[in-house]
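Subject: Structure for your files

Hello,

Here is the structure I said I would pass on. My notes on it follow below.

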Amino acid sequence: MDMNSRVSPLRLSANALGNPIGINDRSPVLRWELPEVNYTKPPTSWQIHVADSPEALARNEANYWDSGWIEAERMNEAAYQGRPGGSRKRLWWRVRLRSSVENVGPWSSPAWWEHGLEVEGDWSAKWITTDITGGPRRAVPAPYLRKAFSLDGSPPKARLYVTALGLYECEINGQTVGRDVFTPGWTEYRKRVQVQTYDVTALLRAGENAWGAILGDGWFCGHISSKDRQGYGPQPVFLAQLEITMPDGSVHRIVTDSSWKYSTGPILENDLIMGESYDARLELENWSLPGFREEGWLPVVEEAAPQIILTASASPPVRRQEVIRINGPLGAGAPAGKRSIFDVGQNIAGRVCITVRGPRGGHFHIRHAEMLDAHGELYVDNLRSARCTDKYTCKGGEEETWEPRFTFHGFRYVEIVFSGPDIEIVKIEAVALYSDMEQTGSFSCSQPLVNQLFQNIHWGMKGNFLEVPTDCPQRDERLGWTGDAQVFVSTAGFLRDVRGFFTKWMLDVADAQKPSGAISSVAPQIDARTGEDAGPGWSDAAIICPWEIYRVYGDRRILEQNYATMQRFIEFLRDKRCRDHIRSHPSVDPWGGHGDWLAMDGGVDREGSTPKDLIGTAYFAYDLELLSRIAGILGKTDDSIHYKAWREEVVRAFRRRFVTEDGLLVGNNQTSHVLALHFNLLPEVARNIAASELAKNIQKRSYHLSTGFLGTPYICRVLEDAGHLDVAYKLLEQETFPSWLFPVKNGATTIWERWDSWTPDKGFQAARMNSFNHYAYGAIGAWLVGTVAGIELDADQPGGSHILFRPRPGGTITQAEASWHTVRGRVAIKWEKCNDRLNLALTVPAFGCATLLPPDGYVAGQLKFGPGRHEIVLNGEVLAQKINRAS
Ligand code: BGC
């Protein structure tokens with residue numbers, strides 16, 4: 001059957017952002033999908049039309065781009081190559097496919113993208129601020145800024161271009177603009193800030209109008225990590241331009257300038273780390289409506305424009321994603337009615353939305369914590385200096401609902417302490433906030449504890465993918481730690497669409513790169529505390545993250561954009577960190593990096609720990625291997641050959657220094673073996689020895705882990721590849737400490753920072769570093785998908801063009817399934833063991849192909865599959881193969 005005559009492309013999207021408004025990209029990537037059906041005559045060419053109106057498209061006038069019929073390998077994605085759109089321009093596009101000249105499918109429905117302000121001269125707005133500054137430790141009320149104006153008629157089009165150093169939320173005529181939270185987001189503010197564009201046509205009207213903004217401290221001038229306030233600047237600064245097109249085509253610009261007025265209102269304090277205080281008695285009723293009396297409001301202060309880049313974000317914004325109704329309270333609370341503790345049931349990053357009825361001046365505060373202590377009280381010691389407390393004072397009368405605006409907390413439990421028993425809670429909810437990344441992957445199997453582990457991994461991601469990939473969302477830290485991101489990136493790429501998120505964060509990493517080429521421990525960089533060089537396993541994120549994003553989405557632009565950063569970084573390693581190809585050689589790098597962070601075998605720098613120069617050299621070899629591949633993909637053949645030869649030298653140096661004549665490895669612990677094997681650094685003879693040493697080490701520990709952040713992600717894969725799948729499953733299903741399931745057995749709903757963050761014998765680990773929402777150990781998610789369920793993307797044909805189905809049943813697991821919405825379409829697997837048979841259902845996307853690598857003991861050899869759904873049964877030979885075609 002030929003579907004092409006009936007099926008038209010769906011889910012059109014530019015730069016993976018749907019119909020994006022305000023982009024700054026001359027050549028956005030246009031992507032579409034096809035329905036899941038079997039194509040007997042698969043499409044071989046696409047055609048795209050781009051025009052400046054949907055009407056022009058309908059008339060077949062592609063006045064910006066008619067690609068013509070393009071025969072391409074990629075049948076669902078193309079970079080725009082038409083005439084540049086330019087500032088403010090909205091371009092409409094559609095796409096169709098054909099399998100032969102006669103066999104042309106229908107056009108898709110039209111989609112669009114719209115450009116933001118692209119050049120400096122587009123801005124006539126001025127940066128404005130207030131005199132409310134506070135001090136390094138003294139918080140101040142949030143300023144409210146406003147401006148009234150009138151319009152002769154009702155505008156057919158209006159756009160708001162807006163940003164701030166600090167946070168902002170705009171209102172027009174009493175209505176909040178957009179749904180984004182914590183705009184404009186976090187970047188290296190000394191170099192760049194993100195700009196948002198909103199379509200505000202529906203908020204304006206003929207006659208009197210008003211527009212205002214509330215400014216928050218955010219990352220710019222609130223506390224970041226454990227630092228004092230005002231890290232980047234003393235107070236928030238605001239820039240906005242409202243462009244209103246009138247019915248006659250004329251354009252009015254209402255911009256921020258010295259004509260604006262400001263005042264303070266109910267937000268007495270706002271800080272991402274400390275919390276927010278709100279006195280509802282001070283609400284400025286109707287402050288963003290026309291006719292509001294600006295009594296006592298002061299003129300704003302104009303500021304010189306900072307010399308930084310204004311740019312649209314490649315990343316989707318943070319939004320309120322999930323609302324969890326909270327029941328409770330726990331116990332009776334004591335004294336009755338004055339204090340209650342609630343359990344959200346899930347550790348999240350977000351905040352509480354509460355509706356109360358109470359007397360005017362009655363007040364309460366909300367404290368947040370991840371855990372309860374032995375007495376059932378909030379355990380807050382691990383928050384360090386983060387106060388994580390929100391305070392509210394009632395205005396009285398009717399029900400009042402409050403959710404803080406410019407703060408978030410990492411918590412599962414909340415305690416509410418009331419000024420008196422006369423405040424009644426009507427409703428209480430927890431709101432999870434994270435960057436708006438579409439979910440792409442799901443996994444489940446027959447082992448409930450493993451399923452809970454997978455849910456915890458997913459929640460670990462949700463709690464930490466908030467504008468940047470943070471280490472944790474609760475204590476006074478919440479930084480974009482490079483090492484954590486690099487170990488988790490491939491699991492993240494399965495769970496959600498992180499293409500834009502990482503494209504943006506790689507800019508933060510590049511912005512934080514030192515003149516020497518060193519990559520910092522955290523991005524955005526906050527201070528010198530995080531050092532010149534992040535060290536092995538952390539700084540390597542500069543190469544590993546773009547590579548993983550390329551593997552998942554198959555878009556080489558992320559490699560192009562980061563290639564120069566990678567090269568400068570690798571030269572820094574050569575010049576400043578290596579002796580005789582040994583990275584972190586103690587004679588040139590006495591610190592040597594964070595080591596195998598939080599490993600159980602002696603910890604960093606203690607006897608039994610993984611030598612830092614071994615870690616350094618292993619990662620150095622891996623960096624060079626990836627760089628050689630990346631150079632090859634980018635057509636830089638000489639570079640590719642150069643990095644390959646260099647890697648071989650590093651591998652030889654590794655062997656000379658760390659492998660004995662008997663083939664044993666120096667640093668006889670789990671992580672040393674995992675890294676040497678995973679990065680393929682050992683001579684053939686030593687591989688088997690290393691694998692059995694690793695297996696022996698694990699057996700000696702009664703199948704327990706001793707690895708830290710760097711050894712943990714790969715340990716199961718290394719065991720599997722070396723023929724010790726049984727050991728890998730014993731580790732996975734281990735329920736006693738240290739193991740993945742130990743926290744699960746003890747009620748965890750996220751991934752803990754440490755294997756022993758809490759144990760029954762010792763209680764809580766040292767409070768100075770003990771988060772219960774740290775995704776790093778969740779990197780095992782990639783193995784659950786790749787091996788337990790059995791879907792892997794082939795890095796040589798990235799983006800899901802070629803899928804490797806490689807289920808490896810083991811342990812007590814008798815059934816598993818996973819589904820992955822790749823850029824080529826949905827890939828799925830479901831397997832079930834029935835006695836000696838394995839029943840499999842495989843789904844291959846319309847533009848992909850797949851190879852099934854059956855597990856040992858089933859059919860020998862590989863089976864190839866084309867698009868569609870395939871049901872097969874394996875046991876020693878293919879018993880049956882049924883291809884279900886959609887009719
Ligand atoms: C962070 C980590 C990070 C580590 C590096 C910690 O404080 O929470 O996740 O990778 O420092 O040393």
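Helix α13 (residues 725-733) has its buried residues covered by a set of elements that includes α3 (448-462), α11 (684-700), α12 (715-721), α14 (741-745) and α15 (781-789). Seven of the nine residues of α13 are buried, so this helix is largely enclosed by the rest of the structure. The buried ones are Leu725, Val727, Ala728, Tyr729, Leu731, Leu732 and Glu733. Buried means under 20% relative accessible area, exposed means over 50%, and partly exposed is in between (1.4 Å probe, protein chains only). Helices (H or I, at least four residues) and strands (E, at least two) are DSSP runs, numbered from the N terminus.

This is a predicted model, in which local features need pLDDT of at least 70 and side-chain atom pairs count only at pLDDT 80 or more, while totals for chains, interfaces and linings use all residues. Residues are numbered from 1 along each chain as its sequence is written, and side-chain values use heavy atoms, with hydrogens and water left out.

The ligand

Around the ligand are Asp471, Arg475, Glu477, Trp481, Asp484, Trp538, His594, Trp597, Phe709, Glu753, Met769 and His774, each with a heavy atom within 4 Å of it. By class, this shell holds five nonpolar, two polar and five charged residues. Here Ala, Val, Leu, Ile, Met, Phe, Trp, Tyr, Cys and Pro count as nonpolar, Asp, Glu, Lys and Arg as charged, and the others, Gly among them, as polar.

Polar side-chain atoms lie 2.7 Å from a ligand oxygen atom in aspartate 471, 2.8 Å in histidine 594 and 2.9 Å in histidine 774. The protein covers 95% of the 310 Å² of accessible area that the ligand has on its own (Shrake-Rupley method, 1.4 Å probe; for residues, only the protein chains shown count as cover).

Strand β33

Nine of the 10 residues of strand β33 (residues 409-418) are buried, so β33 is largely enclosed by the rest of the structure. Strand β27 (residues 339-357) runs antiparallel to β33 and is joined to it by eight bridges; within this pairing, aspartate 343 has tyrosine 413 as its bridge partner. Strand β28 (residues 363-369) is also antiparallel to β33, with six bridges, and phenylalanine 364 stands opposite phenylalanine 418. Two strands pair if DSSP finds at least two bridges between them.

Two aspartates

Apart from neighbours within four places in sequence, aspartate 623 is in contact (heavy atoms within 4.5 Å) with Asp540, Ile543, Phe569, Ile570, Leu573 and Arg583.

Aspartate 373 sits in the loop between β29 (371-372) and β30 (378-379) and counts as partly exposed at 24% relative accessibility. The side chain of aspartate 373 reaches the backbone nitrogen of histidine 375 at 2.8 Å. That is a polar contact, a pair of N or O atoms within 3.5 Å; within protein, one must be able to donate a hydrogen and the other to accept it, and residues adjacent in sequence count only if both atoms are side-chain atoms. Not counting residues up to four places away in sequence, aspartate 373 touches Leu378, Tyr379 and Phe764. Its C-alpha atom is 8.8 Å from that of glycine 763, which is 390 residues apart along the chain.

Regards
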